[in-house]
Amino acid sequence: MKEWTREERYRELKSPEEIRELYERIKTSVYRQTYHVQPVTGLSSDPNGFALHQGKWHLCYQWCPWGAVHGLKYWYHVTSTDLMHWRNEGIGLQPDCEYDNRGTHSGSAISVDGSLYFYYTGNHRDDNWVRTPYTCAAVLDGEGKLRKLPKPLFGPRDDYEEHQRDPKIVWNPEKQKYFIFIGAQTMDKRGTVLIYQSEKLLEGWSFAGELSVPGYEKFGGMWECPYIVNISGTDVLIFSPQYTKLPGRAESTNHNVYFLGKMDYDTLTFTPQGGYKYLDFGFDFYAAQGAANVGDPDKAILISWIGLPDNHYPTEEEDWEGSMTLPRELRIVDGKLVQTPVAAVEELREKEIPADGTLPAACEMEVCPKAGDFDLNLFTKADGSGGFRLHYDGAKKVCTVDRTGMDKRFNQQVGEVLEMPLEQDLRKLRVFIDRSSVEIFANDGEATFTSHSYPTEREFHYTVSAGASVKIWTLKPSVTDDFVV
Ligand code: FRU
């Protein structure tokens with residue numbers, strides 16, 4: 001693995017020509033995604049600034065142009081009219097001023113009265129590498145470019161640690177105010193959320209207080225990327241707690257969880273109904289963000305990074321890594337959160353092919369098992385050995401996913417076997433395979449499992465328990481992967 005110096009990681013991109021050769025090289029990789037948003041070069045991580053604005057979906061991702069390394073972060077901007085076909089728009093935000101000299105870090109967007117507003121963290125560091133995070137804003141201009149405000153909206157609080165970032169903007173109609181949720185760490189190193197309020201989008205911001213989630217005062221060391229949404233009258237609080245191990249998550253210390261409950265903006269209390277739940281049970285799912293302005297009170301649209309902080313992936317050798325998940329629709333059904341891929345993914349179906357044990361590089365599988373124990377082994381060798389193995393224990397109602405059998409193994413120290421427990425018997429799996437990812441939706445969205453996977457040439461086979469019905473569609477590409485910087 002390449003060792004990067006700080007100078008290399010934090011180099012400013014002066015001209016697209018500096019990364020053209022890198023782009024030409026990586027675009028031929030067999031692991032380039034075909035229907036998932038991925039970095040034009042280098043590394044993509046968190047989704048940012050996701051909103052529907054004047055009929056167009058805007059999405060950015062955290063981007064380090066130079067290679068598969070977390071260094072100087074830009075926002076790279078993509079747009080879509082259907083959430084499936086994405087167009088590269090070029091750099092969204094560039095770390096080019098004093099307040100964000102070491103990165104334009106994560107944030108959100110909101111469309112109001114014909115304008116699209118973006119909120120991000122300006123990651124400032126001084127010569128001694130001491131960090132000061134600023135909450136900054138930008139507005140989409142007439143040319144479709146993000147224009148930064150000259151000054152931050154506010155700076156950090158000095159009664160919390162330097163970890164104060166990832167502004168999520170929300171409008172609260174009862175209070176007739178905007179609120180910004182910021183992921184934070186207390187002085188005694190507990191994860192939390194700080195809340196700011198204003199009647200106006202770009203001025204008048206004041207600190208409202210710290211969010212209280214009763215029972216979760218000590219839950220992880222930092223809550224990254226908070227997101228809150230109301231779906232069918234239930235508030236859903238999503239965030240990525242880190243610096244802690246959690247049950248069923250092997251050795252990982254980075255997670256993405258949610259609570260269902262009620263947000264009270266008077267007391268700044270989120271009262272959860274029941275405990276936290278994993279948003280996804282897979283190996284590689286983090287920093288999920290929902291879109292603003294979805295315009296339907298009964299659903300949210302969510303997208304996430306396929307990857308985890310601190311993890312390493314085989315395409316690092318090729319100087320790139322990362323991908324977004326498919327956008328998902330979130331609904332509340334019978335009091336539970338249900339996640340399904342957005343309906344537009346069905347338009348990508350090219351043709352249904354015979355279920356003969358071979359696996360296309362980009363496809364959707366729909367598998368309906370018979371009652372009882374069941375196995376679905378993806379990316380096996382021709383003789384059925386190895387691969388990415390899912391075993392369902394019918395008595396326990398638990399799927400166990402084991403990727404130790406793949407030719408390319410990675411993040412072994414974090415764990416290569418994870419469980420996805422179900423509440424109902426397993427009756428259906430929808431599996432979306434792209435060149436370097438697998439996303440599994442169980443029982444029409446009761447639980448999901450997202451993972452990177454890097455099959456070698458001899459691994460494009462699968463086996464499935466007898467009696468299961470299997471349908472497979474090849475999927476058409478929907479990302480343009482062109483060089484727009
Ligand atoms: C989450 C995160 C955010 C931060 C961004 C920087 O992965 O650490 O908290 O804003 O990544 O790239």
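Helices (H or I, at least four residues) and strands (E, at least two) are DSSP runs, numbered from the N terminus. This briefing concerns a predicted model, in which local features need pLDDT of at least 70, side-chain atom pairs count only at pLDDT 80 or more, and totals for chains, interfaces and linings use all residues. Residues are numbered from 1 along each chain as its sequence is written, and side-chain values use heavy atoms, with hydrogens and water left out.

**Ligand site**

- Around the ligand (a heavy atom within 4 Å) stand Asp46, Gln62, Lys73, His105, Ser106, Arg165, Asp166, Glu224, Tyr286 and Trp305.
- An N or O atom in the side chain of aspartate 46 is 2.8 Å from an oxygen atom of the ligand.
- Glutamine 62 places a polar side-chain atom 2.6 Å from a ligand oxygen atom.
- The ligand taken alone exposes 320 Å², of which the protein buries 90%; accessible areas come from the Shrake-Rupley method with a 1.4 Å probe, and for residues only the protein chains shown count as cover.

**Helix α2**

- Helix α2 spans residues 17–26, and its residues Ile19, Leu22, Tyr23 and Ile26 are buried; buried means under 20% relative accessible area, exposed over 50%, and partly exposed in between (1.4 Å probe, protein chains only).
- Seen down the axis of α2, these buried residues fall within an arc of 105°, so they line one face of the helix; the arc is that of the directions from the helix axis to the C-beta atoms.
- The buried residues of α2 pack against β1 (42–53), β2 (56–64) and β20 (320–321).

**Cysteines**

- The structure holds zero disulfides, a disulfide being a pair of cysteine sulfur atoms within 2.5 Å.
- For cysteine 60, the closest cysteine sulfur belongs to cysteine 225, and at 14 Å it is too far for a bond. Cysteine 60 counts as buried, at 0% relative accessibility.
- For cysteine 399, the closest cysteine sulfur is that of cysteine 368, at 13 Å, which is too far for a bond. Cysteine 399 counts as buried, at 0% relative accessibility.

**Residues with positive phi**

- Most residues other than glycine have a negative phi.
- Asparagine 443, although not a glycine, has a positive phi of about 50°. Asparagine 443 sits in the loop between β30 (437–442) and β31 (447–452), and is buried with a relative accessible area of 4%.
- Aspartate 481 also is not a glycine and has a positive phi, near 45°. Aspartate 481 belongs to the segment after β33 (469–475), and is buried with a relative accessible area of 18%.

**Other buried loop residues**

- Asparagine 256 is located in the loop between β14 (234–242) and β15 (257–264), and is buried with a relative accessible area of 4%.
- The side chains of asparagine 256 and serine 240 are joined by a polar contact of 3.2 Å. A polar contact is a pair of N or O atoms within 3.5 Å; within protein, one must be able to donate a hydrogen and the other to accept it, and residues adjacent in sequence count only if both atoms are side-chain atoms.
- Aspartate 100 occupies the loop between β4 (87–93) and β5 (104–112), and counts as buried at 0% relative accessibility.
- Apart from neighbours within four places in sequence, aspartate 100 is in contact with Gln94, Pro95, Tyr120, Gly122, Asn123 and Lys148, where contact means heavy atoms within 4.5 Å.
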